[in-house]
Amino acid sequence: MGESFHEQLRIDSWFLKSDRRLDTELVDKLILQLNRIYPQILTDKEASKFRDLDVPTCIRLAELLSHLQEKGEEACREFYRALHLHVEDVYFSLPTRLRLRESGDPVSPIPIPIERHVLNDHSPFFFLSCFSVAVGAALLYYYGESKQVSGSSSALGLAAMGLGRKVRDVLIWYTEDGK
């Protein structure tokens, strides 16, 4: 952004004063946001002055905008933040925002994520080959152990007790065939 928030608020203030979408309730929300979150920008005494319902909303808004311009850059930035939070449609229809959108400059730049860690730069075939080797080693270990130790066949017979009939028959046949 080439312009400061102070300069943008000076440009946008005529639009904000004439926009009918900023009714009494929305102006009060903006004043409360600035007063509660940033009391150094808008003190309690100033907030009560700007929230006086005896004064018309357009006059209160004009006084608020001139007060924020007197406070400086940070006050203007926080006003834009509160406006974006509470009245987003007005925020995006501001002349400075429309100009930024038309010029192609992003209103709020989106950071491009930087890859810090590459967990796996291999193809899926690499994963499948490693998985196949692991499964092959597990099968070789399992079947190689069953021929050396006779207790594993009895474990298969005990495991068959909780399974279905066909699976149980296969496991029992395997344990009888091994002996």
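Buried here means under 20% relative accessible area. F15 has 16% relative accessibility, so F15 counts as buried. The model is predicted. The chain has 179 residues, and 30% of them count as buried. Its secondary structure is ten helices and zero strands.

**Overall make-up**

- Along the sequence the pattern reads α-α-α-α-α-α-α-α-α-α.
- Take the contacts in the chain with a separation of 6 or more: residues 24 or more positions apart account for 61% of them.

**Helix α5**

- Helix α5 spans residues 73-86, which is 14 residues.
- From first C-alpha to last, α5 reaches 20 Å, close to the 20 Å expected at 1.5 Å a residue.
- The buried residues in α5 are A75, C76, E78, F79, Y80, A82 and L83.
- The cover over these buried residues includes α1 (5-18), α2 (24-37) and α4 (57-71).
- Also included in that cover are α6 (88-92) and α7 (95-103).

**Helix α2**

- Helix α2 also has 14 residues.
- Its reach from first C-alpha to last is 20 Å, close to the 20 Å expected at 1.5 Å a residue.
- Buried in α2 are L26, V27, D28, L30, I31, Q33, L34 and N35.
- Those buried residues of α2 pack against α3 (44-50), α4 and α5.

**Helix pairs**

Two packed helices are described by the angle between their axes and the distance between the axes.

*α2 with α5*

- The two axes come within 10 Å and cross at roughly 130°.
- α2 and α5 are therefore oblique to each other.
- The crossing of α2 past α5 is right-handed.
- From α2, the contact uses L26, K29, L30, Q33 and L34.
- From α5, the contact uses E78, F79, A82, L83, L85 and H86.
- By class, the contact of α2 with α5 holds seven nonpolar, two polar and two charged residues.

*α4 with α5*

- The axes of α4 and α5 come within 5 Å, and they cross at roughly 135°.
- That angle therefore makes α4 and α5 oblique to each other.
- α4 brings L64, L65, L68, Q69 and K71 to the contact.
- α5 brings A75, C76 and F79.
- The residues of the contact of α4 with α5 divide into six nonpolar, one polar and one charged.

*α2 with α4*

- The axes of α2 and α4 come within 10 Å and cross at roughly 25°.
- α2 is therefore roughly parallel to α4.
- This crossing of α2 and α4 is left-handed.
- On the α2 side, the residues that meet α4 are T24, V27, D28, I31 and L34.
- Their partners in α4 are T57, R60, L61, L64 and L68.
- By class, the contact of α2 with α4 has six nonpolar, two polar and two charged residues.

**F15**

- F15 lies in helix α1.
- Leaving aside neighbours within four places in sequence, F15 is in contact with R21, V90, S93, L94 and P95.
- F15 and V90 are 75 residues apart along the chain, and their C-alpha atoms are separated by 9.6 Å.

**S18**

- S18 also lies in helix α1.
- The relative accessible area of S18 is 44%, so S18 is partly exposed.
- Along the chain, S18 and C58 are 40 residues apart, with 7.8 Å between their C-alpha atoms.

**R51**

- R51 sits in the loop between α3 and α4.
- With a relative accessible area of 35%, R51 is partly exposed.
- Not counting residues up to four places away in sequence, R51 touches D28, I31, L32 and R60.
- R51 and L32 are 19 residues apart in sequence, and 8.9 Å apart in space, C-alpha to C-alpha.
- Of the residues R51 touches, D28 and I31 are buried in α2.
- R60, which R51 also touches, is one of the α4 residues in the contact with α2.

Note on methods:
Residues numbered from 1 in each chain as written. Predicted model: local features only at pLDDT ≥ 70, side-chain atom pairs only at ≥ 80, totals over all residues. Heavy atoms only, no water. Helix = DSSP H or I, 4+ residues; strand = E, 2+ residues; numbered from the N terminus. Expected span 1.5 Å × (residues − 1). Buried < 20%, exposed > 50% of the residue type's maximum accessible area, 1.4 Å probe, protein only. Contact = heavy atoms within 4.5 Å. Axes fitted to C-alpha atoms, helices over the stretch in contact; angles between N-to-C directions. Parallel < 35°, antiparallel > 145°, perpendicular 65-115°, else oblique. Left-handed = near helix turned anticlockwise from the far one by under 90°. Nonpolar A, V, L, I, M, F, W, Y, C, P; charged D, E, K, R; others polar.
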